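Hi everyone, thanks for having me. Have a look at the structure on the screen, and then I'll walk you through the parts I picked.

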Amino acid sequence: GINAEYGVQVAAMASLWCTHPDCLESLDQFDNQRSLKLHQKLWHSPDASHAIQVPWRHGNTPAIVAIDSETAESEASRLVGGGCALGLDTEWDSAREVAVLQLAGEDGCLLCLLPEVDLQRCPTLLALLADPRLVKAGVGIAQDVTMLRTKGVVVRGCCDLFLLAARHGHVPPSQPRGLAALAQQLLSVVIPKDDRVRRSDWSLRPLSSEQLV
């Protein structure tokens, strides 16, 4: 599932490393590690895009749930703020089509429900994704990038956090780690993960209470 709070953790983790020269060498280099899966805590209205607040670092972080292209486009420019990285993840439907695109910056998160949001009508968002100077960070992010490419979306400047952690000696390169393991080891944050919910059909609307909690 998705959790905007944990999306911020991805961005925070990326921000710790994205200025290091090794990060630049790691961009757009992938392996076959599984895509990061995050757990969502959102109040979802199927009829309108809306803002919510998620707890993060003793405060609240704004998250925008976009179900129309206009909202996704208008919020994209606010996503980066003063940061140098975005956390990126996708959730899929039963046909392995992207049903949710989630992006997290230092100051907030943007969750785009697809196909309600037509990414081809969001030039600002597409430009952010294609900008190689802006790091897009995730675990197993190659799979997300491949899935988005089938929708005509180009993503550049990508960094697999597992590969980066292995390069820095935080984890053995021969022992793949998911986001939960990396977050616990490097951020001392425990991420609850329910595989049954994580593998559910994210194209169903409205999302189930299990997907939202």
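**A lysine on the inside**

Let's start with helix α5, residues 141-149, whose buried residues are I141, A142, D144, V145, M147 and L148. Buried here means under 20% relative accessible area, exposed means over 50%, and partly exposed is in between, using a 1.4 Å probe and protein chains only. Helices (H or I, at least four residues) and strands (E, at least two) are DSSP runs, numbered from the N terminus.

Before I go on, some housekeeping. This is a predicted model, so local features need pLDDT of at least 70 and side-chain atom pairs count only at pLDDT 80 or more, while totals for chains, interfaces and linings use all residues. Residues are numbered from 1 along each chain as its sequence is written, and side-chain values use heavy atoms, with hydrogens and water left out.

Back to α5. What covers its buried residues? The cover includes β3 (85-92), β4 (98-105), β6 and β7 (158-160). Together, β6, α5 and β7 make a right-handed β-α-β unit. Right-handed means that, with the strands pointing away from you, the path from the first strand over the helix to the second runs clockwise.

Now zoom in on β6, residues 135-138, where K136 sits. V135 and A137 point one way from this strand, K136 and G138 point the other way, and all are buried. On one hand, β6 pairs with β3 in the parallel sense over three bridges, and K136 is the bridge partner of L86. On the other hand, β6 pairs with β7, also parallel and over three bridges, with K136 standing opposite C158. For strands to count as paired, DSSP has to find at least two bridges between them.

So what does the K136 side chain reach? One answer is the backbone oxygen of L134, at 2.6 Å. The backbone oxygen of D131 is another, at 2.7 Å. These are polar contacts: N or O atoms within 3.5 Å, where within protein one must be able to donate a hydrogen and the other to accept it, and residues adjacent in sequence count only if both atoms are side-chain atoms.

A salt bridge is a side-chain nitrogen of Lys or Arg within 4 Å of a carboxyl oxygen of Asp or Glu.

**Salt bridges elsewhere**

How many salt bridges does a search of the whole structure find? Five. One of them joins the side chains of R121 and E70, at 2.7 Å from N to O. That pair links distant parts of the chain, with R121 in the loop between β5 and α4 and E70 in helix α3 (residues 69-79), 51 residues apart.

E75 and R78 also meet in a salt bridge, at 3.3 Å. They are three residues apart in α3, so about one helical turn separates them. E75 is buried at 17% relative accessibility, but R78 is exposed at 58%.

Then there's E97 with K151, where the closest N and O atoms are 3.9 Å apart. E97 lies in the loop between β3 and β4 and K151 in the loop between α5 and β7, so this pair ties together parts 54 residues apart in sequence.

Conventions:
Contact means heavy atoms within 4.5 Å.
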